[in-house]
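Here is a short note for a colleague who is opening this entry for the first time. Please keep the sequence and the 3D view side by side while reading.

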Amino acid sequence: MIIYTGGTFDLFHSGHANLLQKCSKLGQVVVALNTDEFIESYKGRPPVMSYEERKAVLESCRFVHQVIPNEG
């Protein structure tokens, strides 16, 4: 089963890891990672970490199988 979740994942923390771990117990985790442009338009400010930095962190997480962009 493919589990689809999404978010900004700026400043990755234990809550993010817990969510992804629980998702991984149900199947392969695909994360729709919000782009910098989407975050800025939604929140009115850019993320602390760039899309590429946040993507690299998620891809290094053992619970994540794939990261795709979410452009809103």
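**Notes on the structure**

1. Start with phenylalanine 9. This residue counts as buried, at 6% relative accessibility. Phenylalanine 9 lies in the loop between strand 1 and helix 1. Its phi is near 55 degrees, a positive value in a residue other than glycine. Most residues other than glycine have a negative phi. Bear in mind that this is a predicted model.

2. Leucine 11 belongs to the loop between strand 1 and helix 1. It is not a glycine, yet its phi is positive, at about 55 degrees. How accessible is leucine 11? Its relative accessible area is 49%, so it is partly exposed. The cut-off matters here, because exposed means over 50%.

3. Now the overall layout. The protein has three helices and three strands. Along the sequence they follow the pattern β-α-β-α-α-β. Of the contacts with a separation of 6 or more, 66% are accounted for by residues 24 or more positions apart.

4. What about overall dimensions? The radius of gyration is 12 Å. A compact globule with 72 residues would have a value near 11 Å, so the protein agrees with that. Along the principal axes, the C-alpha atoms fill a box of roughly 35 × 20 × 15 Å.

5. Next, the surface. Of the 72 residues, 38% count as buried. The protein exposes about 4,600 Å², and carbon and sulfur atoms supply 52% of that area. There are 7 positive and 8 negative charges, and their mean positions are 14 Å apart.

6. Look at helix 1, which spans 14-24. Which residues of helix 1 are buried? They are His16, Leu20 and Cys23. The face turned away from the buried side carries the exposed residues Ser14 and Lys22.

7. Helix 3 can be read in a similar order. Its buried residues are Tyr51, Arg54 and Leu58. They cover an arc of only 70 degrees around the axis, which puts them on the same side of helix 3. Their cover includes helix 1, strand 2, helix 2 and strand 3 (66-70). Turned away from the buried side is a face with the exposed residues Glu52 and Ser60.

8. Take serine 60 by itself. It is found in helix 3, residues 51-60. Is serine 60 buried or exposed? It counts as exposed, because its relative accessibility is 59% and the cut-off for exposed is over 50%. Serine 60 and leucine 26 are 34 residues apart in sequence. In space they are 19 Å apart, C-alpha to C-alpha.

9. Finish with threonine 35. Where does threonine 35 sit? It is in the loop between strand 2 (28-34) and helix 2 (36-43). Its relative accessible area is 9%, so threonine 35 is buried. Leaving aside neighbours within four places in sequence, threonine 35 is in contact with Tyr51, Arg54, Pro69, Asn70 and Glu71. Tyr51 and Arg54 are among the buried residues of helix 3. On the strand side, strand 3 covers residues 66-70.

Definitions and conventions: Residues numbered from 1 in each chain as written. Predicted model: local features only at pLDDT ≥ 70, side-chain atom pairs only at ≥ 80, totals over all residues. Heavy atoms only, no water. Helix = DSSP H or I, 4+ residues; strand = E, 2+ residues; numbered from the N terminus. Buried < 20%, exposed > 50% of the residue type's maximum accessible area, 1.4 Å probe, protein only. Contact = heavy atoms within 4.5 Å. Rg over C-alpha atoms; globule rule 2.2 N^0.38 Å. Areas by Shrake-Rupley, 256 points an atom, 1.4 Å probe, with all protein chains shown as cover. Lys, Arg positive; Asp, Glu negative; His and termini not counted. Charge placed at Lys NZ, Arg CZ, Asp CG, Glu CD. Arc of directions from axis to C-beta.
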